Amino acid sequence: MFRQLENARSVEPLAGEGLTNVLHLVTLADGRKAVLRQPKVARDLPKFVVPGAPEVLAHNGRGDVLVEYVEGRTLAEALPVSEEVWRAIGLAFGKIHRVGLLHNDVNLHNIIVGGDGRATLIDWDNPGQGNPLDELAAFEEHLYLHGTVLPQAFWDGYGHMPDLNLLRVHRIAGCIGWLASEDWRQWENDRTLRPEQLARVRNWRRLLARWLADQFRTAFLTAEVAVPQHRQRPKDRHEHGGPQHGQ
């Protein structure tokens with residue numbers, strides 16, 4: 001496949017939680033480690049290199065890629081993490097967003113946390129341009145699926161905190177889009193997924209649907225409270241001699 005594999009010291013399956021790739025850990029002839037990622041469905045690779053992303057050592061037209069191995073644990077494995085790590089994760093997101101790029105697949109298995117407190121975004125299969133709020137909302141969504149939230153330390157590293165109400169709107173829109181996508185059907189039909197992986201994605205779907213329902217339920221209850229309060233306002237204004245409609 002790749003000439004680097006011909007003289008590799010070893011090629012062995014890499015344990016991980018990838019749902020769309022087959023992974024192997026490769027020890028190259030010079031002792032360096034790399035990851036061989038082979039997509040289950042052929043796809044194009046990005047046509048540009050992202051600064052700070054792991055180095056791509058080889059790739060082909062099918063979408064197979066040999067990429068620099070990053071030491072550490074995935075954020076999913078490492079949780080809970082220190083404020084130092086959260087700041088490093090925020091910094092990693094901030095760097096790419098400031099140059100106008102999105103990672104476009106920010107699940108917790110694509111963030112590697114090193115023992116030195118560094119954080120690296122991996123699996124740059126689909127970078128592109130877009131609204132950073134979409135990516136931040138997607139990251140919030142994945143954290144929710146793992147039972148946690150974005151702490152202040154993340155925003156400290158990121159550089160600023162956006163309007164949280166606007167971020168919530170983007171998250172609602174993203175949640176609707178994901179629930180309506182073909183991902184779930186593809187995972188249900190993927191016979192290579194282990195039972196625990198299939199159970200995990202099914203639970204994700206239930207959690208997303210419940211979160212979305214809660215958002216609309218909360219909005220409805222807020223409206224129910226606001227309406228009677230609004231009805232009280234003309235009377236309150238009259239009692240205080242304020243202007244009335246029609247005056």
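## A tour from pocket to sheet to helix

Start with the second largest pocket, which has a volume of about 490 Å³. To find its centre, select G52, A92, K95, A119 and T120, the closest to it of the 22 lining residues. What counts as a pocket here? On a 1 Å grid over the protein atoms alone, a pocket is an open set of points where a 1.4 Å probe fits, with protein on both sides within 12 Å along at least five of seven lines; lining residues have an atom within 4 Å of a point. The volume is the space filled by probe spheres set on those points.

Before you click on, know that this is a predicted model: local features need pLDDT of at least 70, side-chain atom pairs count only at pLDDT 80 or more, and totals for chains, interfaces and linings use all residues. Residues are numbered from 1 along each chain as its sequence is written, and side-chain values use heavy atoms, with hydrogens and water left out.

Now colour α3 (83-98), which gives the most to this lining, with 5 residues. β7 (111-113) and β8 (119-121) each supply at least two. Helices (H or I, at least four residues) and strands (E, at least two) are DSSP runs, numbered from the N terminus.

Next, pick out the open sheet of 5 strands, in the order β1-β2-β3-β5-β4 with antiparallel pairing. Its edge strands are β1 (10-13) and β4 (56-59), each pairing on one side only. Two strands pair if DSSP finds at least two bridges between them; β1 and β2 (residues 21-27) have 4. Select S10 and you'll find its bridge partner, T27, in β2.

Time for some loops. Go to the one between α2 (75-78) and α3, where P80 sits. A cis peptide bond joins L79 and P80, with omega about -5°.

Hop to N104, in the loop between α3 and β7. Its phi is near 75°, a positive value in a residue other than glycine. D123, in the loop between β8 and α4, also isn't glycine and has a positive phi, near 60°.

Are these two buried or exposed? N104 is partly exposed, with a relative accessible area of 36%, while D123 is buried, at 18%. Buried means under 20% relative accessible area, exposed over 50%, and partly exposed in between (1.4 Å probe, protein chains only).

Last stop: helix α4 (residues 132-145), whose end C-alpha atoms are 20 Å apart. It is mostly covered, with 10 of its 14 residues buried, including L133, F139 and H142.

Methods:
The expected span of a helix is 1.5 Å times one less than its number of residues.
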